[in-house]
Each structure stands twice: as structure tokens, then as C-alpha cells.
Amino acid sequence: MKFLLRRVGFYLVAAWASLTLAFFVPRLMPGDPAHALYARFHGKLGPEAIESLSKALGLSHDPLWKQYFGYLGHVLRGDLGVSVSYFPAPVIDVIGVALGWTVLLTGFAVILSFIVGTLLGVYASWKRNGALDRIAPPLLTFLSAFPYFWLAMVALFVGGLTLHLFPLRHAYADYIAPSFSGEFLWSVAGHAFLPAATVVIATLGGWMLGMRSTMVAVMGEDYITLAHAKGLTPNRVMFRYAARNALLPNVTSFGMALGFVLSGSLLTEIIFSYPGQGYLLFQAVRSLDYPLLQGLFLTITFAVLGANFLVDVVYVWLDPRAR
Amino acid sequence: MRLSRGDLLFVSVVSALAGLAFAIVASSCAPRRQAAEEGVLQVSETEQTESFIRNFNPLLEVGDVRWAAKNSMYEPMLIHNPIKGVYVPWLAESYRWEDTKLIFALRHEVLWSDGQPFRARDVVFTFELLKKFDALDTRGVWRFLAGVRAVDDFTVEVSFRRSYVPGLFFIGQQPIVPEHIWKDVADPVSFTNENPVATGPFTEVAWFRTQAYQVNRNPHYWQKGKPAVQSLRFIALPGNDQSVLAMINGELDWAGDFVPAIDRVYVAKDPEHYHYWFPLIDGMVMLYTNTSEPPYDDERVRKAISMAIDRELVVEVAMHGYSKPADGTGLNEGYEKYRSPEAVARGASWVKYDLGAASALLDTVGLKKGADGWRRKPDGSVWEVNVNCPAGWTDWVRAAQAIARGLQKAGIHATLRAYDYNTWFDKVQNGDFDLTVGWTEPGPTPYGLYRNLMSTETKKPKGQASAENWHRYGSLEADVLLARLEQTLDPAEEMRLTYELEMLFATHAPAIPLFPGPLWGQYDSNRFEGFPDKDNPYAPLSPHNSPQPLLVLPELRPR
């Protein structure tokens, strides 16, 4: 318990630090939102527009420290301000739409990849030099050597454009209104399949290899031999004795991966026109959308911290020494 | 390899499951190639995004306003048609100047989409709104306006503080909003106007989702019997690649995006129905030199740099041959009637690719080659020239590459510098560059172009950021001509003054014209017809230049 309390204190400090960074880092970039917006028009707006744009966006000319404390106050009240690139929509609304889709797509893909990859690792090491152990590691390493966006482009080209098996874009078909109908859910599944598959394929190898190597080390331990000698079933030895101990490093990486889910798989989302957080982040940086950037950093860091906290809890459960 | 029964079983079960999942999902979710129903025109949104925000406020330039607001819903009094070089009377039947007053006679038959009549008070209200909320006055019309009043229900009188003829463009093209709705809007700047009431051909939002939306036609549209199209549909596309994919797939009937090697990439997929038209009427792409710094303050240096640029090559590598080399006037093809043959002849010497002449000219100004082959400044140090461009704008980056290579051949130590877009723009505005690729603003007449290129009024002193005249060039002669151009209503006088400005530009080369920008436009005639193209050039094809799409929408018909 003391361990967990100490962690909570650490997380509070980390949260404050990330809030502060989220405020200052975007403002270190050259230019300001009004100029970025003006430049986006590529000459179709006159220079007098810059002034009216700054006014419309309500850009503050207060000293930075004053803005900073104002920002902290607003964040504590849950007010993230108004987005610049989606003006006049509040940041909360903009992120709200994207968050759900990203959690669904990337979250699902990461969890699936973790479970399948870890299981593959367990089985591969259990039957050393078996078929799985020979085929899977080189194959998966080969696949994960491709950049995931490249896999995404190939998948889109072959599955979407050439074979017409899968939709080219979006999270669900444009002609269906969102609801909890079977048709809509099918559509969501079909649209998520290719992007999720590319993420899974590209990351499966890492989970499997990580699990396999720790499993191999653990299985050399005396207590595994003892467990076998006691006459326990192979399944019980494999999961309760070997895998449980070998899981720790993978759980740590899983926490990290889970935390970064919210930053989305930027390029995958862009290639499949998936309405998630990754594209928002890209858009926010491009248009120097300070409020949106702050909001995104905030959700991402809180997700990372939250995931790490979960990992800490899981650790306590997996490894009694941590209690 | 030894395969145990267990292994085999495991591998086969996993692969069978994966195959099954793939087959089920694939068969049930196969996309319908033509998602849109009959009569639904699929148009590409100007804003490239992955999710739409429901915002139909036509007075906003900032943020994320839906295409339909300014291109199918709210209409202006006049629409400038750059293909024909004329103002098309729209909500106004006609306009005339009376000294420093501009009188608009409005159409009688126009109704708002809720059935209320459109009247002069709506126009007055709109301009009063811009005055009260200067964040909406993106064009700064109240800098030169004195007042706007309704003479009667169908006559609007706009009075200017001083004679300023170019103001017509901004007054005429201002989208007009209904007083009876907008008078109750507390803050029109943050108003998202989710259910618009407007005069345009398509005003009724049928449905709106984050990925797509559809707008149905206005039952009260003032052009009787039009539009023939039922509805417009828009899908969210985050970038050019996704747009091109949608175009090829028959999911965009009307688009306006840059497509590389378009004949092969797009037209070849359905040569009978896939068409494009890229008239060279967008802004002239320029190479700006920092004329506030030596040696670029010397026009001979600017001309020598210009002569070292192989524009044929630039157009080929950067623009896929969609454009053509600029002449010495800096005018695009939308200004054809203004082009002065004398000015073209005057500029011909320095826009022609001629390395020998460029080297000779640089030698005479004292930028002579050193032993290593690089030219030196008078103080003996190597003359380092950075050619700036925004990274990621691939066409400009390739243009800048070709330019840098040309300069190197003339012995200039030129380096390409591709900066992040915001950094690049910051440098441009602060005069922190040697050479940079940049745009010019297209307008109804060359007045705006030359004001930005040569007037002392737009030239900011060194060290002060400037949103225009980035090359910081000012000419008192140009000031005089521009001031007279602001006042003249006589077409012959306007032509004469413009000719003189062109001559001034061609003589002093304040900036180095590269090529006129094409206005991208594509259409798919499988389901609709009536689009403008080079055989029927009644308006620009691009859907991305509001309010010009209003000229096209009523002319489209289902096939």
C-alpha cells in the first residue's frame, strides 16, 4: 500500500510538470496562430486579415506568466479553451469526438497485439524449436521491420482500392447514421479491420520476442523443474509458474504502449482517414493551435500516467516482492 | 523441420480463424463504389480534415467553416469571374459609381430560404455587423468606408471616405446574411449557425455527421428552375492523397486538388468521363529577394539571378508541366487584357535562361568568381545564398532545388533551405532570408499585385515584421501610379496606368516571377454535366475559390 501511495505522489508531480510543459512547449515554436492561419490561405487573404484573425481568436498579449496561471486555473476547472483550427468549437468537443475512435482503434489493436503476441511467445518457448518457434519469430520480425504506415498503404491499396474488399476511409460508412444497430457496428468493425490489422502485424513481433526470451530464461530456473517434478500439469506450469514470472517486462512495455494509445497511430489514421487523435495532433501542430495542443498533451500524458499506475497495480499483484 | 501434431493443430486453427474473420468482415463490409444516390453531387471540401465541425458561419475566415457556407448558401451582391475578367451581377442586378459612392440595385425576386424577402436592410445590416465586430472584417473594408445605407428596399448606397475603386471587389463579394435571423445573435464571431437561412442554391442541411454531411437545395432559390442537382454531399478527406483516391474511385464528382501526373494517375482511369482544367489564373509564384540587403538591393543582381533560372525546367520538375514560364510583367493569365507588349519585351532579357549573360552581369557588379569557382562579395568572402521554401510543399521544394542548381552553375554558392512552414513564414515576414519562393495574391485587377510588389506604403522598415511586400521594395513612381489607379473609373486610363506599372516592374525586377499558379479543378461526368472547362470556359472549375462555385452550381445537371 505504501508503495502505491508513494507512486500517487510521484504522479501528481509528473502531472503538474506535464501541464507546464504543455503550456510552454507549443509557445516556443515560431509564429502565432493568426499568422499560421493566414499562411494557410496561401495568399487568398489580404494582410489586413492578420489583425482581424487575432481578434477573432482572442489571442492574448498578456505576459506569459499571467497567461500560464490563467491556464492552470482553467484546466483545474476543466476548461481547455477554444480550438484555433476548429474555431469556435471548444477543445473538449474536438478531442471528445476523436478520443473515442482512437481508443477503439488503437486501443483494441494494442491489446490484441499484446495478448496474441505474448501467447505466441509463451507457446514458442514452451516448445523450443517446435514449428511455431521456427516459423513465427523470423516471420514476425520481418513484418515488423516494415514501417507500419507502409504496411497501411499497401493494405489500403490492395484491400481497398484494387480488390474492393474493404472501405477506403473513415470509421463507418457515410450512409449509416451512428446508432447501436447491428448494421452500424458491422460497419465500424469493417472499417477498423485494415488499420487495426496493420498495427497488430507491425507490433506482434515485439511482444512475441520479448515474451519468448524471458520465458526461456525463466524456464531454466530450478522451481520450474520442481514444478514438473511435483507432477503438475504442463499447462499449470506453463502459465502459473513460468509465464507469470516472465510477464513482468512485457507488462511494463504494455503500460507504455497503452499510454501512447491516445497519441494515436498518426500515419495509420491519416492513410485511412480515420477520425482519431493522431490527425488532430498533426493539425494542431501545423496551425499552432495552442489550446488544442495543450488539450491533446494533457489527455496523452494523463493516459500515460494512468496506464503506468495500472501497471504498478498489476505489478503488485504479479510480484509479491513489490508489496 | 519436425512438426508435432500439437503444433500443426495450433497453427492450422489460428490460420483458419484469421481467414474466417477476414472473409466475414470482407464480405459484409465491401464498399459500395458509388455511395451517393442519384442527384447527389459529391464535392470536395476545401478544408482538408478528418472530422467536420458543424459551422456554417459565412462571415468567419478563421477556423473551420464548412464549404457550403460561402459557396452554396450565402451569396454576395457581385461575383468576380476571373476567367472572363468581369463582375457577374448576383444579388445585385447592377451597380454604378457616383463620385465616391457606390450604388447597388438589388434583385426584387430574391427570397431567403425561410421564405422571407431579401431586402436592402439585410445588406446594410451585414456591413454594420462587420463594423461592430471588426474580427469579422477580414478584408478591412471599414478602413475605406464611410457608411452603408438603404435608399429604399432595393437600393443600397455605399459611401467611401475617399475614392477607392479597388474596394468594389471586397464590397461586391461580401456574403450577405439575413437581418431577421442574425439580429438576435449575441456574438456573431463565435456563432456556428448550425441551421442556416440563406439565399443560395443549396441551403438545407439534410444531415450532418463528423465524417460527412449533405446539403439539399433551397426551395426558394431565386434562379427559377435551378439548381437541377438535388443535394451536395461532402466527405472528410485529410489530405491530397486521400482526395485523389476518392476521385479515382468515383467518389468525388467535383474536386480541385493538385494531382501529380494527372493524365496517368486520374484521367487514364476513365478517359471518357474524368476531366481536368488548370487555367493559369492563380497567384504568380515568385522568387523574392531581400531587397533591403546588399547585394539584392541592386536590380542587376536580381536580374542576373533571374537569368540563371531555367524556368522551363522549374515548370517541368515542380509543376509536372501544368504551368509555363512567367514573363517579365509578373502577370498571370487572368490579366491577359492588361498585358503590355512593351513591358513583356522589356522584361524578356532577364526572364530568359542565359547563364552566360547572368555571369557577365554578376562580374560587372563586382561579384567575381574566386579560385574555387564560387563568387565572392566585394569584401572577399564567399557570397552565400540561401534559397528558402516551406518543407513539405513538394512542388515549391522541387522548384527551389532547380533554382539553387541553376544558381550554382552561375558560380553562386546557393543552398536550398526547406524550413517547417511556420518557421519559413516567420522568416519571410521578418525579412530574415536571401531568396525565398513565395506567392502573390490573385485579385480582380493587377492593382493589388503591384501595390504589394512595389508600393512604399506596404514596405515596412527593416526589423519590423511585414505581412506583405516581403521583399521590402518601394518605388515612389509606383506610388503615384497606384494612387491614380485607385481613383480612375475610365477603362482606358486604367489600362494606361497598369501598362506603366508593368513597365516599372519589367525595368526594375523588384521580384523574380517564376510561373503562374494553376487553379486546380477536376470533374467526373459520369453522373453530372455542365461543368466549366476549356471548351466551355464560363467560370473557373476550381471549387476552392469562394464565391466562384456559386457561378457553377446552378449550371450543373444530372445526366
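Student: Looking at chain A, what share of the contacts with a separation of 6 or more comes from residues 24 or more positions apart?

Tutor: In this predicted model, residues 24 or more positions apart account for 73% of the contacts in chain A that have a separation of 6 or more.

Student: OK, and how many helices and strands does chain A have?

Tutor: Chain A has 13 helices and zero strands, and its C-alpha atoms fill a box of roughly 85 × 55 × 40 Å when that box is taken along the principal axes. Of the 323 residues of this chain, 46% count as buried.

Student: What about α9 of chain A, is that helix well covered or hardly covered?

Tutor: Helix α9(A), which spans residues 222-229, is hardly covered, since the count of buried residues among its eight residues is zero. It is followed by A:G231, a residue whose phi is positive, near 85°.

Student: How do α5 and α12 of chain A pack, I mean at what angle and how far apart are the axes?

Tutor: Helix α5(A) and helix α12(A), the latter covering residues 277-286, pack at an angle of about 140°, and their axes are 8 Å apart.

Student: Switching topic, how many residues does each chain give to the contact between A and B?

Tutor: Chain A gives 59 residues to the contact and chain B gives 53 residues. On the side of chain A that touches chain B, at least two residues each are supplied by α2 (33-40), α3 (49-57), α5 (91-126), α6 (131-144) and α8 (182-219). The largest share of that side, seven residues, comes from α3(A).

Student: And what classes do the residues on that side of chain A fall into?

Tutor: They divide into 39 nonpolar, 13 polar and seven charged residues.

Student: Now chain B, what domains is it divided into?

Tutor: Domain 1 is made of 10-73 + 200-279 + 519-558, domain 2 covers 78-182, and domain 3 covers 284-516. The centres of domain 1 and domain 3 of chain B, taken over C-alpha atoms, are separated by 37 Å.

Student: Which strands pair with β7, then?

Tutor: Strand β5(B), residues 101-106, pairs with β7(B) in the antiparallel sense over five bridges, and there B:I103 has B:E157 as its bridge partner. Strand β6(B), residues 145-152, also pairs with β7(B) in the antiparallel sense, over six bridges, with B:G147 opposite B:S159. A hairpin through two residues joins β6(B) to β7(B).

Student: Last one, what is the strand order in the open sheet of three strands, and why is one side of β11 and β12 left without a neighbour?

Tutor: The order is β11-β18-β12 in chain B, with antiparallel pairing. Strands β11 (254-255) and β12 (274-276) stand at the edges and each has a single partner strand, so one side of each has no neighbour in the sheet. Three bridges join β12(B) to β18(B), residues 522-524, and B:Y276 has B:Q522 as its bridge partner in β18(B).

Methods:
Residues numbered from 1 in each chain as written. Chains lettered and ligands numbered in written order. Predicted model: local features only at pLDDT ≥ 70, side-chain atom pairs only at ≥ 80, totals over all residues. Contact = placed C-beta atoms within 7 Å. Helix = DSSP H or I, 4+ residues; strand = E, 2+ residues; numbered from the N terminus. Nonpolar A, V, L, I, M, F, W, Y, C, P; charged D, E, K, R; others polar. Pairing = 2+ DSSP bridges. Buried ≥ 20, exposed ≤ 12 C-beta atoms within 10 Å, placed from the backbone. Domains from an automatic or database assignment. Axes fitted to C-alpha atoms, helices over the stretch in contact; angles between N-to-C directions.
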